[in-house]
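Student: I've got a structure up on my screen and I'd like to talk it through. Could you take my questions one at a time?

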Amino acid sequence: MIRSEVTKSLIPVITDELVICNIGLPSQELFMHDDQPTNFYMLGTMGLCSSIGLGLALTQKGRVLAIDGDGSVLTNFGTLATIANNVATNFTLLIIDNGSYGSTGDQPTYAGMKTSLAAVAKACGTENVVECQGEDAADEVKKAMESDQMTIIVCKCESGNVDVPIIETNPIYIRERFMEQVRAKNK
Amino acid sequence: MSVNDKIVEDLVKNGVGFVTTVPCKQLAGVIEVVEKNNQIQHVPANHEAEGMGLCAGAYMGGTRGCIIMQNTAIGVTLNSLATLIQYYQIPLPMLISYRGEVGERVACQVEMAVHTKALLAEMNIPTYHFHDGSQLDEFDGILNHTFMCKKPTAILTDASFWRTAS
């Protein structure tokens with residue numbers, strides 16, 4: 001299973017949820033499979049997906065899912081400590097770990113070598129860390145989001161990409177329609 | 001009222017409810033007051049770019065954010081400022097200790113000080129340099145301006161400001 005298939009399998013579970021999605025192909029895949037105003041697509045800024053997700057979760061009541069990648073988390077490693085020490089029970093971080101920088105040509109990451117992101121997340125202090133395979137991602141995300149406990153899921157899958165369209169939606173429109181959804185969930 | 005209390009009072013007055021910080025010696029006092037204030041959620045960041053991500057998320061959650069950091073951080077946040085804060089029009093006041101100005105004792109701090117204003121100008125970021133304690137009166141208006149125009153703004157506070165304000 002490759003990341004695109006994992007993303008597609010998540011749709012029934014996340015279509016109405018507040019989702020912050022990682023830069024590059026992950027956002028483009030989500031956009032292609034199920035463009036929703038509840039999705040915030042990152043069009044730039046490598047590494048900050050989980051930070052945006054945490055900031056959002058800490059400031060309002062709606063459930064938040066951040067769909068991040070192994071390369072992105074490695075870019076912003078400190079985020080795992082910040083997440084662990086600022087518990088937001090409405091926050092789920094899904095790290096789709098395909099062991100590669102997918103958007104830039106599948107160069108290998110250290111997460112595909114000796115480094116275990118799940119072990120790092122635990123060492124940083126997060127209590128609920130789940131490691132799963134791509135096939136189980138949707139079930140694990142559903143469970144985590146319904147659990148009312150902050151959870152980090154590291155979903156292992158294979159490296160590889162499919163052709164996807166570029167997102168041409170105006171960034172301010174993406175943000176404003178997303179904020180409307182946030183307000184609706186907090187009424 | 002101390003300078004640090006006045007800064008935090010102005011933040012609260014302007015609806016700032018989320019502050020992220022990366023420490024600097026000059027900012028230790030204000031960070032302490034932020035931490036104690038019960039109207040502000042304080043989330044220390046490990047890196048200033050991470051802090052900008054947190055503030056972007058908080059803003060979308062309906063809470064105005066502010067980042068408190070050192071000017072050396074300008075060097076490591078240019079991409080986050082351009083592609084997140086500016087691209088999505090997220091207002092972000094940046095209260096910045098302006099290290100490397102007159103009175104500085106660490107020579108290396110001067111190396112980033114000489115680039116600070118040029119980088120901010122290149123990024124079209126409205127920049128305010130507080131050199132004297134009396135300039136703190138402008139802070140309230142700058143915050144209001146920041147949220148009106150939905151831009152990042154830089155408030156540079158140098159050693160002379162902190163000496164004359166406290």
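This is a predicted model: local features need pLDDT of at least 70, side-chain atom pairs count only at pLDDT 80 or more; totals for chains, interfaces and linings use all residues.

Student: Is D97(A) buried or exposed?

Tutor: D97(A) is found in strand 4 of chain A, residues 91-97. Count its C-beta neighbours inside 10 Å and you get 25. The cut-off for burial is 20 or more, so D97(A) comes out as buried.

Student: How far apart in space are D97(A) and S4(A)?

Tutor: In sequence, D97(A) and S4(A) are 93 residues apart. Going C-alpha to C-alpha, the separation in space is 12 Å.

Student: What is the strand order in the open sheet of chain A?

Tutor: The sheet has six strands, and the pairing is parallel. Its edge strands are strand 2 (39-41) and strand 7 (129-133) of chain A, each pairing on one side only. From one strand to the next, the twist averages 20°. Reading across, the order is 2-1-3-4-8-7.

Student: Which residue is the bridge partner of C21(A) in strand 3 of chain A?

Tutor: Strand 1 (residues 18-21) and strand 3 (residues 64-69) of chain A pair in the parallel sense over four bridges. For C21(A), the partner in strand 3 of chain A is I67(A).

Student: Over in chain B, at what angle do the axes of helix 1 and helix 6 cross?

Tutor: Helix 1 of chain B covers residues 3-13, helix 6 of chain B covers residues 139-149, and their axes come within 9 Å. The crossing is right-handed. I7(B), D10(B), L11(B) and K13(B) of helix 1 meet F139(B), D140(B) and L143(B) of helix 6, a contact with four nonpolar, no polar and three charged residues. The crossing angle is roughly 30°.

Student: Which helix of chain B gives the largest share of the side that touches chain A?

Tutor: Here, 25 residues of chain B are in contact with 28 residues of chain A. Strand 2 (41-44), helix 3 (48-60) and helix 4 (74-86) of chain B each supply at least two residues of that side of chain B. By class, the side divides into twelve nonpolar, twelve polar and one charged. The largest share, nine residues, comes from helix 3 of chain B.

Student: And what ipTM does the predictor give the complex?

Tutor: For chain B, the average pLDDT is 97, and 99% of the residues score at least 70. The complex gets a pTM of 0.98 and an ipTM of 0.98.

Terms used: Residues are numbered from 1 along each chain as its sequence is written. Chains are lettered from A and ligands numbered from 1 in the order in which they are written. Axes are lines fitted to C-alpha atoms, for helices over the stretch in contact, and angles run from 0 to 180 degrees between N-to-C directions. A crossing is left-handed if the near helix is turned anticlockwise from the far one by less than a right angle, and right-handed if clockwise. Two residues are in contact if their C-beta atoms, placed from the backbone, lie within 7 Å. Ala, Val, Leu, Ile, Met, Phe, Trp, Tyr, Cys and Pro count as nonpolar, Asp, Glu, Lys and Arg as charged, and the others, Gly among them, as polar. A residue is buried if 20 or more other C-beta atoms lie within 10 Å of its own, exposed if 12 or fewer, and partly exposed in between; C-beta atoms are placed from the backbone. pLDDT is the predictor's confidence in each residue, from 0 to 100. Two strands pair if DSSP finds at least two bridges between them.
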